[in-house]
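Subject: Structure handover

Hi,

Here is the structure I promised to pass on. Please look it over before reading my notes.

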There are 2 protein chains.
Amino acid sequence: MGRPWILDYDSANCAIGAAVGIIGERWTFLVLREAFNGVRRFGDIQRRTAMPRQVLSDRLARLVREDLLRKVPYQDEGKRTRYEYRLSSKGLDLYPVLVALMQWGNQHAVGPAGPQVQLQHRDCGEPVRLQLSCEAGHILDSARDVTPVPGPGARKTA
Amino acid sequence: MGRPWILDYDSANCAIGAAVGIIGERWTFLVLREAFNGVRRFGDIQRRTAMPRQVLSDRLARLVREDLLRKVPYQDEGKRTRYEYRLSSKGLDLYPVLVALMQWGNQHAVGPAGPQVQLQHRDCGEPVRLQLSCEAGHILDSARDVTPVPGPGARKTA
DNA sequence: ATTGCTGAGTCTGTCAACCAGACTTAGCAT
DNA sequence: ATGCTAAGTCTGGTTGACAGACTCAGCAAT
C-alpha cells in the first residue's frame, strides 16, 4: 500500500471527527436508537437503556442544543403538560449510522437468537438493508473496493 | 404514532447496544477512521488525532482484543521490528458505519470548504455513497420509509 | 562497550465525567 | 392541604481522561 497520502493532510476538519464530536458518546447512540424506535419520553428511555438519569438529562439537552431532537409538549389524560423528544430532520438523517451499527452488530456481536428488530420497507414490506454503491450503479461489497482521494476541503499540513 | 410496540420488548440484547459496547467510545471512531485511511502506526495515529498516548494504547489493545485490528510486524531500514495495526475482516465490515458518519458530517457538521476526503469506486472512479434500499430494489430516502418490526431474537419484557 | 537516538508504550498526579441513591419540583387529583 | 407521578437535580464516591515525564528495546555511531 505504501505510505498513505493522507499523512500529508490535516485531520482537523474531518467530517467524521465533527460527527463524533456531536454524537460520539456511548449513551448518545442508545438515546438515538430509542428515538428511532419511537420511544420519546424521559422515563421510557431511562428504563429501556438503564442509563443514569443525570446522564440522560445531559445527553437529551445536548441533542436538543445540537438540533437533533426537538422538545414537543404533550399531555396525558388528567396529567400535566410534559415534553417528549422527537427527532428533527437533522436527527432523522442519522438513520444510516444507526442502521449500519445494527447490521454490524447483527453480523458480529449478537447471539444465535437472531436480530431483535427487523426493518421493513413501509411501502412493500421487504427487508431493508444498507448498501455501498457508486454513482455508476455498481454495488460495492467491501471497503477494499473504495479508494479515498483528497476532496475540495483537504488541506496540507504545515 | 401511538404507543410503540417496542416498549413491550427487552432491549438487553439489541445489536446496536452490542456494537456500541465494542466501538462506542469517542476516540475509537477516530482510530478506525485512521485505519480505513491506511494509517497504521501508533505515532502516526497519535499525531493525526492528537489523542493521549495512554488512551490510544488502551483503544488499540481493545480493538485487537475484539479482533477488529491485527498487530502485524514490520521493519524499516535500519530500525528494529515494530508492529502496525491493520483492520481484520470484522473491522473492515465496519466501513458502512464510518461512511455513514462521514456522510452525515459532510451534510451537517462541516464548514463550507466541502469534504476533506472523497470516496471513489476503485474500479470505475465514480463517487461512492451509502444507500438504504429494500430487497425489492426500491431506494429509501428517509427513516420514515422504514417500519421496524420484531425479529426472531425479540423477547418480551417480564 | 558505551552512548545516543527513536518509536512505542507506561507511570503519576490532577481533573473531569460517571454513577447510584436521595432529594426537589410542578401540576393534577382527591 | 395532602398525595401522586414524571422529570429533573444534588451529593459524594468511584472511575476514566489527560498532560507531561519516564521507561524500554533495539539499532547505529563512536
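Below is what was found in it, topic by topic.

**Conventions**

This is a predicted model, so the local features need pLDDT of at least 70 and side-chain atom pairs count only at pLDDT 80 or more, while totals for chains, interfaces and linings use all residues. Residues are numbered from 1 along each chain as its sequence is written, and chains are lettered from A and ligands numbered from 1 in the order in which they are written.

**Chain A**

Chain A has six helices and six strands. Helices (H or I, at least four residues) and strands (E, at least two) are DSSP runs, numbered from the N terminus. Along the sequence the pattern is α-α-α-α-β-β-α-α-β-β-β-β. The radius of gyration of chain A is 20 Å, well over the 15 Å that the globule rule gives for 158 residues, so the chain is more spread out than a compact globule. That radius is taken over C-alpha atoms, and the rule is 2.2 Å times the number of residues to the power 0.38. The C-alpha atoms fill a box of roughly 65 × 45 × 30 Å along the principal axes.

Of the 158 residues in chain A, 39% count as buried. A residue is buried if 20 or more other C-beta atoms lie within 10 Å of its own, exposed if 12 or fewer, and partly exposed in between, with C-beta atoms placed from the backbone. Take the contacts in chain A with a separation of 6 or more: residues 24 or more positions apart account for 41% of them. Contact here means C-beta atoms, placed from the backbone, within 7 Å.

**The A-B interface**

85 residues of chain B are in contact with 85 residues of chain A. On the chain B side, the elements giving two or more residues include α1 (15-23), α2 (26-36), α3 (42-49) and α6 (95-108). The largest share of that side, 14 residues, comes from α6(B). By class, the chain B side has 47 nonpolar, 25 polar and 13 charged residues. Ala, Val, Leu, Ile, Met, Phe, Trp, Tyr, Cys and Pro count as nonpolar, Asp, Glu, Lys and Arg as charged, and the others, Gly among them, as polar.

The largest nonpolar core has 86 residues. Such a core is a set of buried Ala, Val, Leu, Ile, Met, Phe, Trp, Tyr and Cys residues joined through C-beta atoms within 7 Å. The residues with the most contacts inside this core are A:A19, A:L98, A:L101, B:A19, B:L98 and B:L101. Leaving aside neighbours within four places in sequence, B:L98 is in contact with A:I16, B:L32, B:R33 and B:F36.

**The sheet across the chains**

An open sheet of four strands has the order β5(A)-β4(A)-β4(B)-β5(B), with antiparallel pairing. β5 (139-140) of chain A and β5 (139-140) of chain B stand at the edges, each with a single partner strand, so one side of each is left without a neighbour in the sheet. Two strands pair if DSSP finds at least two bridges between them. Seven bridges join β4 (residues 128-134) of chain A to β4(B). There, A:L130 has B:L132 as its bridge partner. Two bridges join β4(A) to β5(A), where A:S133 is partnered with A:I139.

**The DNA strands**

18 residues surround DNA strand C, the closest being A:G78, A:R80, B:F42, B:G43 and B:S57. A residue is near a strand if its C-beta atom, placed from the backbone, lies within 6 Å of it. The largest share of this surface, four residues, comes from α4(A).

18 residues surround DNA strand D, and A:R41, A:F42, A:G43, B:G78 and B:R80 are the closest. Here the largest share, four residues, comes from α4(B).

**Backbone points to check**

Most residues other than glycine have a negative phi. A:A50 has a positive phi of about 60°. A:A50 sits in the loop between α3 and α4 of chain A and is exposed, with 9 other C-beta atoms within 10 Å. B:D67 has a positive phi of about 65°. B:D67 lies in the loop between α4 and β1 (69-75) of chain B and is partly exposed, with 13 other C-beta atoms within 10 Å.

Best wishes

Definitions and conventions. Contact = placed C-beta atoms within 7 Å.
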